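Student: Please walk me through one part of this model closely. Then show me how the rest of the structure looks beside it.

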Amino acid sequence: MDLLDRQLIFVTGKGGVGKTSVAAALGLLAARSGRHTLVCEMDGKGALGPALDTVALEFEPRALGDGLSGMAMNTEDALREYLRLFVRLPLVARIGPLARTFDFVADAAPGVKEILGVGKLAYEVRERHYDIVIVDAEASGHIVAQVAAPRVISELVQVGMVRDQTRWMLDILEDPTRTGIVVVTTPEEMPIAETIDLLGRLDAQTGVAPVAVVANRVLPALFDRKESDVVARLDQVEDLLAGAAGPGVREVVVAAQLTEARRAVGAGHLERLRGALPDALPVLYVPELFTRATGRRVVALVAEALGQELDVQ
Amino acid sequence: MTLDALLASKEMVLVCGSGGVGKTTLAASMALSAAVHQGGKVLVLTVDPAKRLADALGVGALGNQATRVSAEAFERVGVTPRGELWAAMLDTKAGWDDLIRRHAPNAEVRDSVLSNPLYQNITSRFVHSHDYLAMEQLHEVHASGGYDLVVVDTPPSRNALDVLDAPSRMVEFFGSRLLKWLTVPYRSRLFNVASKPFTQIADRVLGSHFLQDIAQFFILFQAMEKGFVARAREVEALLGDPRTTFVVVSTLEAAPAHEAVFLARELVHRDYQLGAIVANRVMPRALTSRAASTSAKRLAEAAGTTTLATDVAEALDADAGDVANVLTEVATRFHDVALVATREAERRAELASLAPQVLDVEALQSDVHDLSGLLAIVDNLRR
């Protein structure tokens with residue numbers, strides 16, 4: 001099945017690999033294909049709004065044009081909404097100071113904060129407010145606690161309303177045709193090690209399925225082996241080259257060798273990644289974008305690359 | 001001010017920055033630099049090193065235990081250090097167990113906490129325990145007086161400021177309404193007018209049993225309040241100590257550089273000492289020169305003529321067709337790389353206005369996972 005046919009996609013990865021851009025790009029792709037789409041930022045960094053050329057997102061979803069809406073998760077707002085919807089508290093205003101106390105409980109008690117966030121997302125899916133919800137999720141260090149929260153809660157909490165609600169959350173989260181995790185990485189040692197480690201932990205501790213790995217900022221292979229060998233030795237003929245192109249040619253050679261060396265190291269890491277993944281898990285490649293652009297223009301370029309990989313326009 | 005001067009005048013260096021910028025490698029390099037060039041006993045406290053780097057430093061298997069990088073390891077890279085380099089890895093679980101053992105008023109509390117089913121779950125997550133533990137261990141090794149210099153790699157946080165806030169959050173937690181509320185007997189909670197509505201809601205939503213489990217744990221935890229709070233205050237004081245300095249690491253990509261600017265400003269705002277900003281994996285600055293772009297244009301033209309390709313092919317004993325391809329690609333793609341270098345130079349200028357010094361570490365052709373790689377970075381830092 002196609003990635004975007006699912007209803008809930010968590011985009012995670014090591015910090016700094018570009019997961020916000022990828023989440024935003026998947027959001028653009030989904031919206032462009034006619035799906036009513038919500039993108040949601042979980043980690044409170046405030047990066048998703050600027051990535052889509054809009055001001056910081058808030059808990060209340062806002063239309064961003066072309067069928068795309070955006071929101072930012074906030075535990076306190078999620079709690080208020082939860083109490084309003086499920087506890088049917090008549091005077092929500094009255095719980096003002098209590099919400100702050102609850103925030104402390106949520107900070108300390110395992111899984112409570114996470115389940116408010118993940119519960120809100122699952123609720124949007126259950127109520128079919130959107131065709132697809134794409135989550136700029138927590139980084140790989142925290143994502144497991146996030147998606148495993150309903151399981152943890154259902155084990156720790158024996159009775160109570162939350163326990164009953166974990167059932168429908170788990171029905172959504174642990175159905176691979178409805179929910180999937182996309183892990184973003186770059187062709188570098190640590191992000192790839194963390195990706196492999198994360199996939200193992202997702203498998204061991206959660207029932208949520210990884211559905212794709214995105215290799216971001218991949219340098220294109222421009223040369224075959226023989227040509228690559230020539231690049232590596234160009235510094236030996238610097239005088240010849242300088243004779244034809246001037247003294248600045250030294251920097252041109254440095255740039256080429258640096259880029260080619262980085263590409264080769266990255267290709268080695270990507271090979272290791274591919275070897276460690278199950279065959280059924282696709283790797284989608286997004287090239288390094290040499291651009292001065294920021295915001296939505298970059299996201300559009302990432303979306304274009306992902307669109308080709310996913311075979312959607 | 002140079003890196004040498006900075007390291008020589010401080011006892012603690014906190015290396016911070018956003019994820020993926022090379023904090024661990026830079027922390028190890030700075031510790032190595034001090035051990036090699038200045039002498040004394042230097043410790044690098046790492047959080048989550050790449051496996052090969054951990055192996056090179058001899059950490060990984062031993063948890064919190066510090067190990068010395070052997071003389072043989074230095075010999076193999078042809079270096080005779082003036083001092084000693086020690087390395088340790090932060091182990092959150094072991095660190096928490098140590099804390100509980102230290103602060104528990106008696107064996108009963110200690111054992112009850114360590115065997116509480118919620119303990120592991122809570123310690124691995126609550127009040128940014130990773131961040132707090134890193135600070136706590138810094139204090140521990142500094143107080144031990146065993147090292148002349150300690151370099152700490154800070155954990156990958158959602159927000160780099162979490163590390164700085166961790167000690168005050170710990171203090172705040174012990175004084176919080178939550179703890180007071182949780183640790184009063186359940187019955188009085190139910191009859192207390194102020195907390196009654198909340199108790200009823202919490203009971204209905206979470207179940208009273210779960211709340212009791214949590215309360216039980218925190219009642220035990222509260223018995224350790226005095227020790228924890230006093231310690232957290234000491235740890236906090238250490239951050240502003242004149243013997244402590246911060247080094248912010250960043251690449252010159254948009255997002256990390258943006259966060260580095262924010263972090264550097266915040267450090268200054270809090271009156272902490274910002275010793276340096278390290279710009280990691282930067283493109284050589286000469287790539288932005290006009291001479292370079294002129295040469296790239298001329299090379300693109302010359303690559304089309306057969307003579308240059310033939311001459312180069314002959315000199316390198318390669319195929320002339322391959323060489324022509326290579327020269328054309330190299331010349332036309334130069335613009336892309338120069339664009340990145342230009343962008344980096346702009347971001348570097350912004351960072352330079354915030355710190356007493358910016359140290360550049362040029363992009364290396366391979367990953368750093370051994371002493372010789374770290375030494376290459378040291379050379380960059382001391383340039």
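Tutor: Two strands count as paired when DSSP finds at least two bridges between them. Keep that in mind, since this is a predicted model. Start with strand β7 of chain A, residues 210-218. Four bridges join β7(A) to strand β8 (residues 283-287) of chain A, and the two run parallel. Look at one position in that pairing: A:A215 stands opposite A:Y285 in β8(A).

β7(A) also pairs with strand β6 (residues 179-185) of chain A. That pairing is parallel too, over five bridges. Here A:V183 stands opposite A:V213 of β7(A). The strands β6(A) and β7(A) belong to a right-handed β-α-β unit, with helix α8 (residues 189-205) of chain A as its helix.

Now burial. Seven of the nine residues of β7(A) are buried, so the strand is largely enclosed by the rest of the structure.

A:K14 lies in the loop between β1 (8-13) and α1 (19-32) of chain A. Its relative accessible area is 13%. The cut-off for buried is under 20%, so A:K14 counts as buried. What touches A:K14? Apart from neighbours within four places in sequence, its contacts are A:S140, A:V184, A:M190, A:P191, A:E194 and B:G20. B:G20 is on chain B.

Turn to chain B for a sheet. Chain B has 19 helices and eight strands. Of its 383 residues, 55% count as buried. Among contacts in chain B with a separation of 6 or more, 79% are between residues 24 or more positions apart.

An open sheet of eight strands runs in the order β3-β4-β2-β5-β1-β6-β7-β8 of chain B, and the pairing is mixed. At its edges stand β3 (67-68) and β8 (358-362) of chain B; each has a single partner strand, so one side of each is left without a neighbour in the sheet. Inside the order, strand β2 (residues 41-46) and strand β4 (residues 84-89) of chain B pair in the parallel sense over six bridges.

α15 (residues 254-269) of chain B has 16 residues. From first C-alpha to last it reaches 23 Å, close to the 22 Å expected at 1.5 Å a residue. Its buried residues are B:P256, B:A257, B:E259, B:A260, B:V261, B:L263, B:A264, B:E266 and B:L267. Their cover includes β1 (12-16), α9 (161-174), β6 (244-251), β7 (274-282) and α18 (320-352), again of chain B. An α-helix has 3.6 residues a turn, so residues three or four places apart point the same way. Just after α15(B), B:D271 takes a positive phi of about 65°.

Last, the cysteines. The structure holds zero disulfides over all chains. A:C40 is buried, because its relative accessibility is 0%. B:C16 is buried as well, at 4%.

Note on methods
Residues are numbered from 1 along each chain as its sequence is written. Chains are lettered from A and ligands numbered from 1 in the order in which they are written. This is a predicted model: local features need pLDDT of at least 70, side-chain atom pairs count only at pLDDT 80 or more; totals for chains, interfaces and linings use all residues. Side-chain values use heavy atoms; hydrogens and water are left out. The expected span of a helix is 1.5 Å times one less than its number of residues. Buried means under 20% relative accessible area, exposed over 50%, partly exposed in between (1.4 Å probe, protein chains only). Contact means heavy atoms within 4.5 Å. A disulfide is a pair of cysteine sulfur atoms within 2.5 Å. A crossover is right-handed if, with the strands pointing away from the viewer, the path from the first strand over the helix to the second runs clockwise.
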